[in-house]
Amino acid sequence: MANRQSSNASTWLAKSTSLTDVQLYVHNVPFILDRELLAGKSAKLAAILKEKSNQDPYYFLRGIPADAETFELVAKFCHGFELQISSENVVPLIVLAHYLEMTENHCRDNLLRKAFTFFEQKVLPSWSETIKALRVAENFLQQAVQLGLVDACLESLVKKAHTEPRLIGAPMKNLNCDEDSEDTEDGYRPDARRRLFFLDWKSEDLTTLSLKFFDTIIRSMNQRGVPAEFLASSVCQYAKRWVFSSITVTNGDDKMSIYNRNSRRDIVEAVEKLLPYERGLIPCTFLFEMLRHAIALEANPDCRTGYEIRIGKQLDMATAKELLIPSQRYAKEVQYDTECLWRILRNFFGSYPSSQISGYIKVSELVEEFLAEIAADIDLKMSTFLSIAEMSTAVSSVIERKSDGIYTAIDIYLDKHGYLTESEREEACRVLDCQKMSPEACDHAAKNERLPLRVVVQVLFVAQLQLRDTIAKDVQFPDDKMIIKEEMEEVEDEGKVVSCGDQEEVVKEIKIMSNKVTEIERECFVMRREIEKSRSLHDHDKEKKGKFSLWKEMKRKFGCITSNITDCNCQVKKKKVHPRYGI
């Protein structure tokens, strides 16, 4: 570069016959220039050359706030050559002209005035040119701020976005529309006057700016009332550009790897503060991805909490695979962050309207589907499976859903973990509420060889009670108690014979372990009495309390004691809700 610039300088100075040439160095690049021409345009250079005329001028411009290319443009201007000013060089030209005191007080039609005029008339009126100039200003930030160039650019962009939000980018719902089409999905078409003014409304993107500039602009736009859906879209695109597509260095220079990781973490934390809290503005997929990056990059706890709260507000819009949040505590075996999932569920039940039962049903189905998804993981630990199963049970219990989903997940887990002992299989089944299983599920469980013996017997008793209730409802003459009793006993005996006949393996085990069977029968008899008693109490409570309070029960399950459904900072009643989660 030095040779090229020096060669260029000698080319356009070759016509000069002045004997007062001076050699200056700008960032170790030599320039041979006419002393008088420089002094005629720059008050600062005139003073330096006059004061140090007999000294070596090597260090005259040691602290110059510009690169060699910008100084070459200034030198050309001083020697009378035509100057080509653009959006990419106007900011450094203004900075250098101000530093060299190239003002109207020193010389008419000087460089500082020319550069400022171009900046005001050609750069600021254009969205694209303003962004280009602002990107360059990052290299001369301190001087550009002092001269008001940065504020002028920011103010210009904010005003344009307030007038025409589409300059920021299309909302998330329109991101997949045809960019070449003038019409969008919501029928947007800029009017003729705006199209004349914003000829470049789709060209330059805010996401190309540095984090410092982008953060300042988005906050200013938010304060000026730019619609949140446009700001949210721009913030998401910024994260996709600088976080999702960023390449992390794993080998090679450790300093580069650390810098890359730290810069991405800064962006993840900044994006969290810029994102709105409104439900539905941001896809769940994006929020989950940002949460995973926040965990992997070890972002501050407030940042992770912010993403969890936003996910919780719209958890009913998520998918089961999006809940697969890996835990950092395990290096070799992939495990799932059950504490994080629990907090997200708590945020959902702390913010979702209690009157909208459909959302609770969707979340209940979501957790059951997620449990079945991870149950097939051969490396899934029993404690993790039970933790999530307990969450699913808690979610399902308050809306009186069948426990078929829990049973399906348990069946998958036992199938993929065939090495479990009888006691371990019983432990895996402890979250299963046999009373809430459908007749179809009970029929499948009664023939399921993977279930422990104790659970099979419990299912048989529940199935018998279901048969009894069904027959009692079908009886047309309730006064004929003797007939009802005989039919029930007959059905019960047949049910035992059929069930035992279908369970040949169970019968063999019963003969071998007679003492164990006796104990199980005793427990089942007690359980049978408890089932009937709980049903009686449940019916009595319904008559006494009247309408079932879903909201109150859900808050009790998840430890949310606030009465404001929009308050996501739910407190926890200790010793009641899963103390091992630390919530």
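Predicted model: local features only at pLDDT ≥ 70, side-chain atom pairs only at ≥ 80, totals over all residues.
Helices (H or I, at least four residues) and strands (E, at least two) are DSSP runs, numbered from the N terminus. Residues are numbered from 1 along each chain as its sequence is written.

**Exercise 1. The whole chain**

Find how many helices and strands the protein chain has, and what share of its residues is buried.

Solution. 
- Step 1. The protein chain has 26 helices and 2 strands.
- Step 2. Buried means under 20% relative accessible area, exposed over 50%, and partly exposed in between (1.4 Å probe, protein chains only).
- Step 3. By that rule, 45% of the 583 residues count as buried.
- Step 4. Contact means heavy atoms within 4.5 Å. Take the contacts with a separation of 6 or more: 73% of them join residues 24 or more positions apart.

**Exercise 2. The nonpolar core**

State which residues have the most contacts inside the largest nonpolar core.

Solution. 
- Step 1. A nonpolar core is a set of buried Ala, Val, Leu, Ile, Met, Phe, Trp, Tyr and Cys residues joined through side-chain atoms within 4.5 Å.
- Step 2. The largest such core has 142 residues. Those with the most contacts inside it are L206, M221, Y307 and L315.
- Step 3. Look at L315. Not counting residues up to four places away in sequence, L315 touches F288, L323, I344, L345, F348, V363 and L366.
- Step 4. Recall the background: in soluble globular proteins, nonpolar side chains tend to be buried together.

**Exercise 3. A buried glycine**

Decide whether G312 is buried or exposed, and list its contacts.

Solution. 
- Step 1. G312 sits in helix 15.
- Step 2. G312 counts as buried because its relative accessibility is 0%.
- Step 3. Leave aside neighbours within four places in sequence. G312 is then in contact with I344, N347, F348 and S351.
- Step 4. The C-alpha atoms of G312 and L345 are 6.3 Å apart, although 33 residues separate the two along the chain.

**Exercise 4. Helix 11**

Compare the length of helix 11 with its expected span.

Solution. 
- Step 1. The expected span of a helix is 1.5 Å times one less than its number of residues.
- Step 2. Helix 11 covers residues 211-223, which is 13 residues.
- Step 3. From first C-alpha to last, helix 11 reaches 18 Å, close to the 18 Å expected.
- Step 4. Its buried residues include F213, F214, D215, I217, I218 and M221.
- Step 5. After helix 11 comes G225, with a positive phi near 90 degrees.

**Exercise 5. Two packed helices**

Describe how helix 17 packs against helix 19.

Solution. 
- Step 1. Axes are lines fitted to C-alpha atoms, for helices over the stretch in contact, and angles run from 0 to 180 degrees between N-to-C directions.
- Step 2. Helix 17 (residues 357-375) and helix 19 pack at about 5 degrees, with axes 8 Å apart.
- Step 3. Angles under 35 degrees count as roughly parallel, over 145 as roughly antiparallel, 65 to 115 as roughly perpendicular and the rest as oblique. Helix 17 is therefore roughly parallel to helix 19.
- Step 4. E368, L371, A372 and A375 in helix 17 meet G405, I406, A409, I412, Y413 and K416 in helix 19.

Key: Heavy atoms only, no water.
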